[in-house]
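The following explanation leads a new reader through one protein structure. Please keep the sequence and the model in view while reading.

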Amino acid sequence: MTTSPLTGEEPPAIVIDGLNKWYGDYHALRNVELSVKRGERIVICGPSGSGKSTLIRCINALETHQEGAITVNGTQLSSNFKAIDEIRRDVGMVFQGFNLFPHLTILENCMLAPMRVRRQPLAEAEERARHFLARVRIPEQADKYPGQLSGGQQQRVAIARALCMSPSVMLFDEPTSALDAEMVKEVLDIMVDLAEEGMTMLCVTHEMGFARQVADRVIFMDAGQIVEMNTPAEFFGNPRHERTRTFLAQVLH
Amino acid sequence: MMPVEAFLRQDAEAVRPAPALVKRGWRKLLFGDVASSLLTVLISLCALWAVPRVLDWAVFDAVWRGNGQACFDAGACWAFLGAKWPLILFGIYPPDQQWRPIVVVLAFLAITLWSLPERNWTRATATGWLVVIVSSLLLMGGDTLGLQPVPTGDWGGLPITILLTVLSLTIGFPFGILLALGRRSEDRMMRWLSVGFIEIVRGLPLLTMLFIAAILLPLMLPDGVTFDNLSRALVALTFYSAAYLAEVIRGGLQSLPKGQEEAARALGLGRLATLRFIILPQAIHAVIPPLTNTVVVVVKNTSLVLVVGLFDLLSAGRSALTDPDWPSPYIETYILVGFVYFVICFGISRYSLWLEHKLSAGVQR
């Protein structure tokens, strides 16, 4: 990415413009507008069914949208397979249900895509896989299968697996919602590390502590629209929309 | 106010080994209650009545060597099997050329045994299978190798059973995968074609398909274009295998959570790579038991090709019985033929159990 000679500003990592999506007759995303700067960390929250997961799943085309444009690092998402694959290579995703490949070892989970998609040689792919497994603090589990790991460990592998593709953007879709309370922190710690290293992140999460700690902006969505967007301090300290206030009152007991 | 029961642990409870399992003794098993005692007595009586008769027939009164005369008014005529085994196993293949089907059977046996352990699941082994299949066909036919030509109509017995099974499964399997994917495709045309093929083939008895292939197909083809009976039977069996395998594989595809494909695609893997490395290995692993079932059924269904004039193992055995010098020992012949089928099917079934166990090592959630 080059810096614009006119404004001296880096172009944004993600631009979402007039995004509309329907499931049948249900209007799931209503005219969503969002621009994410490089290195920006955004937390998206909202009640279930508000469209927050759908929104980030549109960014790497796991969901197709009917109207509007999504541009990632200058590449516009279209029905063109090449553009989709290019964006997916560059955008890592972590799912609520981990979605590790149960028939492959931890190491193989991390090496498959770099070898097949980035054409990395085996030795390099393995070295990088071990490096990222060490960064998520489970280097010793490399030769086990996903089923032998705890939920928190599996989610950390999922993060390492995404990082092995050297993404410039990471999407997190409720990464701690399926975890036992005791394991939430070990995953959040890794996400905080990533945030501090300057990764561009979009996190759908209910972990408000995480949002306060690392987010540059917090977005509140309801009924398929962005209702409020602000810095964490303003968002939590001075929520302006009525709907945001009732939501926060319920989440922050 | 109600008193609150408070508690604070001082010492940890001891961790103790589980009490030993009490194994039920034989006496308990056989005579534990009235019903099992009754059943034990009943079965023992049946055995007391039957076993001596079977032994008399199979061992004491049996004819082990000699010619057809000795077998009249005697017990089991094992001598018949000794004299006729080449005909039973290899059909009417020219007797002086029978080393060829023997080599073919041994080659398939060797490549099968070689392929069993996991360390031999390599590309070289797959090539080996291809070599064995092609050279078996050439060796059986003979003319390309400068041997005495033997038309497929004279091939028979075990090589026919093996060739039809192996070919219909190896061609039918990829075909079945395509049909399973087609049936789940978003493309309406693909879906209809796959559903149509699968439902038509599954709706027809295999016998009907063999008749169609043998009688109707030549009528539909232009003059001068002919297939031998073996190829026609192979087409019918392959369609059959493909349709049934497709439904089994579809079950496997459906058993996978959607997140598997999503995770693979989100990593940038393309459709084909996702299918090859993520979807199919898991889908096929999930359906090993019904897959084995289909394979075993296909092995045994090859015996139906006798209706189109081919001599598979079963019909070759029957044709051996027509010799007037011998007293048609049906039971003995069927015991031999049944034994060969049993060894093949039981072997497949045991191997699939081992495979299931081996592939699940560590994978269980």
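**Sheets and overall form**

In chain A, four strands make up an open sheet with the order E2-E1-E4-E5, and their pairing is antiparallel. The edges of this sheet are strand E2 (26-36) and strand E5 (75-76) of chain A, each of which pairs on one side only. Strands (E, at least two residues) and helices (H or I, at least four) are DSSP runs numbered from the N terminus, and two strands count as paired if DSSP finds at least two bridges between them.

The model is predicted: local features need pLDDT of at least 70, side-chain atom pairs count only at pLDDT 80 or more, and totals for chains, interfaces and linings use all residues. Residues are numbered from 1 along each chain as its sequence is written, chains are lettered from A and ligands numbered from 1 in the order in which they are written, and side-chain values use heavy atoms, with hydrogens and water left out.

One position to look for is Ile14(A), whose bridge partner in E2(A) is Val36(A). Strands of a sheet pair through backbone hydrogen bonds, either parallel or antiparallel.

Ile44(A) stands opposite Val204(A) in E8(A), and its bridge partner in E9(A) is Ile219(A). E3(A) is mostly covered, with four of its five residues buried; buried means under 20% relative accessible area, exposed over 50%, and partly exposed in between (1.4 Å probe, protein chains only).

Turning to the chain as a whole, chain A contains nine helices and ten strands. Its radius of gyration is 18 Å, close to the 18 Å given by the globule rule for 253 residues, so chain A is as compact as a globular protein of that length. This radius is taken over C-alpha atoms, and the rule is 2.2 Å times the number of residues to the power 0.38. The C-alpha trace of chain A spans about 50 × 45 × 40 Å along its principal axes.

Of the 253 residues in chain A, 55% are buried. Among contacts (heavy atoms within 4.5 Å) between residues of chain A at least 6 apart in sequence, 65% join residues at least 24 apart.
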